[in-house]
Amino acid sequence: ATPTLSAQLQVTDRDQTKTTIPPPSAIPDLGIEKIEPQSVTLRIKELGVIGNALPINCVGYEVYGSVGLQNPPNSPTEMSFMKNGSRRFVTLEFDAADIGKNVSFAIRYRNAKNEVGPWSSIITCTVSAG
């Protein structure tokens, strides 16, 4: 419809400008919720924010990890992708061969365009035998 016709009909024209979704800027706060035999459950929330919702414009997060290193990695870029998540807790399973080994994790939020934000801090624990 033309602007004049729209005004006469008292309807609003759809905005034709596309709103861009920025890459995530929220920093994840990563913690260990529980360690069970051959599994670790991580707790994810936005750093400095009360509540459990994902940050605005984020559809989930990526979990990266490393298994068996003597010392934690210096950077998440030294880790391998493990899985995607979108809930407050995510559980990662490990093989029997990983029992007693150190495992380190880091995550980062991502938006619907798969753009990623800053990394969480790196956390480390040991895979339990139970």
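Which residues line the largest cavity? I looked this up in a predicted model.

**Entry: cavity.** I found Ile44, Lys45, Asn52, Ala53, Leu54, Ser86, Arg87, Arg88 and Tyr109 around the largest cavity. I sorted this lining into four nonpolar, two polar and three charged residues. The volume of the largest cavity came out at about 40 Å³. I then asked how many cavities of 30 Å³ or more there are. The count was one.

**Entry: core.** I turned to the nonpolar residues. Nonpolar side chains tend to be buried together in soluble globular proteins. Here I found that the largest nonpolar core holds 18 residues. Leu42, Ile44, Val63 and Phe105 have the most contacts inside this core. I noted that β2 (39-46), β3 (60-67), β5 (89-93), β6 (102-110) and β8 (123-126) each give at least two residues to the core. The largest share, four residues, belongs to β6.

**Entry: Leu42.** I listed what Leu42 touches, leaving out residues up to four places away in sequence. Among them are Val63 and Phe105, along with Phe89, Val90, Leu92 and Ile123. Glu33 and Arg88 are also on the list.

**Entry: β3.** Is β3 mostly covered or mostly open? I found seven of its eight residues buried, so β3 counts as mostly covered, with buried meaning under 20% relative accessible area. I then checked its neighbours. β3 runs antiparallel to β6, and eight bridges join them. Gly65 has Phe105 of β6 as its bridge partner. β3 also pairs with β4 (residues 80-85), again antiparallel, over five bridges. In that pairing, Val63 stands opposite Lys83.

Note on methods. Residues numbered from 1 in each chain as written. Predicted model: local features only at pLDDT ≥ 70, side-chain atom pairs only at ≥ 80, totals over all residues. Heavy atoms only, no water. Core = buried A, V, L, I, M, F, W, Y, C linked by side-chain atoms within 4.5 Å. Buried < 20%, exposed > 50% of the residue type's maximum accessible area, 1.4 Å probe, protein only. Contact = heavy atoms within 4.5 Å. Pairing = 2+ DSSP bridges. 1 Å grid on protein atoms, 1.4 Å probe; cavity = no way out; pocket = protein on both sides within 12 Å on 5 of 7 lines; lining within 4 Å. Points joined across faces, edges and corners; volume = space filled by probe spheres on them. Nonpolar A, V, L, I, M, F, W, Y, C, P; charged D, E, K, R; others polar.
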